[in-house]
Amino acid sequence: MKTFANRILTIALLLITQLSLAGEIEIKINKRYLNFPVSHKEQRQKMTFSVDGKPDLSVVIRLAKTDPDYWVFKDVSDLVGKTLKISYEGDEAGLAKIYQDDRLAGQDSLYKERNRPQFHFTTRRGWINDPNGLLFYEGEYHLFYQHNPYERDWENMHWGHAVSKDLVHWTELPDALYPDELGTMFSGSAVIDYNNTAGYNQGKKPAMVAAYTAAGPDRQVQCIAYSLDKGRTFTKYEGNPIIDSKEKWNSPDTRDPKVFWYKPGKHWVMVLNERDGHSIYTSGDLKTWKYESHVTGFWECPELFELPIDGDPNNSKWVMYGASGTYMLGSFDGKVFQPEAGKYMYTTGSIYAAQTFTNMSDGRRVQIGWGQITHPEMPFKGMMLLPTALSLHSTKDGPRLFSRPVEETEQLFTPVQKDVKLTAERANQLLASYSKADGLRLKATIKLSHATSAGINLFGQKILDYDLNYNKLNGLFYSPNDPTSMEISADIYIDKTSIEVFIDGGAYSYSMPRKAEDNNEEGFHFWGNNIEVANLDIFSVKSIWKE
């Protein structure tokens, strides 16, 4: 009898526990934001939003029961006047802390946080990774990106959205694409359908069409959505998915469509990463696609574009790369990319999944890459690296890809010091007062006196470590175009949490997290065997964020 009573008590306690670990609230929306408390002590639990009784969105979140680690938000300005029901499968105590306001929790310190990068784009809250849908249209640069609005770690993939007039100062807008019944929103691209091939244009207003991957539990399929308000809102194509190729490749890894208009053939091209490389598809209407060819050896986030060599429009090559940035050069006839040279490497470090802008009016090929950078104790993670202009230049080894920060970034930097022919000791003295600056740019040329090693440290972190004997730069092979050169130049961009370095006019670049000072008091330190700092330019940096 006692055993039976204990069983009944145990069952009753379990039911009580389950009831307390789930709940729902209804909110009549009359403010712009819903603020959510997040605690990494909690496990992720499912949260479902319903609007006026209709299911709208499901995500997972670590809803804080007590003191949150930080706050995240959902922009609900489009729901004003409607009733939002929030169902949560975790402890309902966290639901009571959700509140609506016209301000974000932490609004007063936004963009002024201790570890907020000051001249690189970061999202207000949450996790970001791959840039998506990079596009220029009617005076605006569009930066869509992989975004988890509900936590600073990866999950719940949305398409975030920011716009800029100059590639430097960005305004973050509400998320553009949300998870749906096909899956979460993985990477992709965007185009302007000037010829109305998809039939979405409104009078003389062309549609912006996004091609993206919907990532479900067992497959990844390709979809499209269109916008008639410059990307502020999107309508998903009712016939999605447009490509479902899991069975063809016997793999769920089919993602990240890069779409562009191929003018000679008057058709759309999609480059899609499928299992072991990049596939090429063609279409006349952005909805029906034909498989054409495949190039092995790439993983994720395809790119394919044409560049003139040394600026000569009559002498060009097509560039194909994947998420790692290693690239091939070749020819392209609208259906088949024929590799002719490569793979080569032009950038390394924290960069991943870089993409380039379509529809550029000035003919430039501008790239933005995801910086895999953590910002200690901040309610956001990840960043976008500086926008760079890509170009092909002749070298002793043939044409190679160069990458330099776009000219628009120059507005951020003010010269404060310029010197030539310095000893390392003198250069270190000049830089001493700048070692703890939140942001700084340095341009330096080091002239070696021996075929040994030389470089620049910042509080012990090796920003540049060039070994002329082994031709290694920060541990990787590097040979300048003049193999007998005793000089190396570096354009160095230092933000609160990151460092980007462009070597010898953009022939090679790399990025890295900026390490904490710890107990090192060295500051900036040029080092090497009797080296000369042939030139040293120091620039202060303006913030890209509005006060």
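## Nonpolar cores

The largest nonpolar core holds 36 residues. Those with the most contacts inside it are Ile446, Leu473, Ile492, Ile503, Phe524, Phe526 and Leu536. A nonpolar core here is a set of buried Ala, Val, Leu, Ile, Met, Phe, Trp, Tyr and Cys residues joined through side-chain atoms within 4.5 Å. Buried means under 20% relative accessible area, exposed over 50%, partly exposed in between, with a 1.4 Å probe and protein chains only. Apart from this core lies another, of 31 residues, among them Leu134, Tyr141, Val168 and Tyr493.

Neighbours within four places in sequence aside, Phe524 touches Asn428, Leu431, Tyr434, Ser435, Leu440, Leu442, Ile456, Asn457, Leu458, Ile463 and Ile494.

## Model and confidence

This is a predicted model: local features need pLDDT of at least 70, side-chain atom pairs count only at pLDDT 80 or more, and totals for chains, interfaces and linings use all residues. Residues are numbered from 1 along each chain as its sequence is written, and side-chain values use heavy atoms, with hydrogens and water left out.

The chain has a mean pLDDT of 94 (the predictor's confidence in each residue, from 0 to 100), and 96% of its residues reach 70 or more. Residues 8-20 stay under 50, and the model gives them 4 contacts beyond four places in sequence. Where pLDDT is low, the predicted coordinates should not be read in detail.

## An open sheet

Strands β5, β2 and β7 form an open sheet in the order β5-β2-β7, with antiparallel pairing. Strands are DSSP runs (E, at least two residues), numbered from the N terminus. Two of them pair if DSSP finds at least two bridges between them. From one strand to the next, the twist averages 35 degrees (axes are lines fitted to C-alpha atoms; angles run from 0 to 180 degrees between N-to-C directions).

Strand β2 (residues 33-38) and β5 are joined by 6 bridges in the antiparallel sense. Tyr33 has Asp75 of β5 as its bridge partner.

Thr213 belongs to strand β13 (residues 207-215). Thr213 counts as buried because its relative accessibility is 0%. Beyond four places in sequence, its contacts include Thr184, Phe186, Gln220, Gln222, Arg255 and Pro257.

Pro483 sits in the loop between β36 (476-477) and β37 (487-494). Pro483 counts as exposed because its relative accessibility is 52%. C-alpha to C-alpha, Pro483 and Tyr194 are 48 Å apart in space; in sequence, 289 residues separate them.

Note on methods
Contact means heavy atoms within 4.5 Å. Helices (H or I, at least four residues) and strands (E, at least two) are DSSP runs, numbered from the N terminus.
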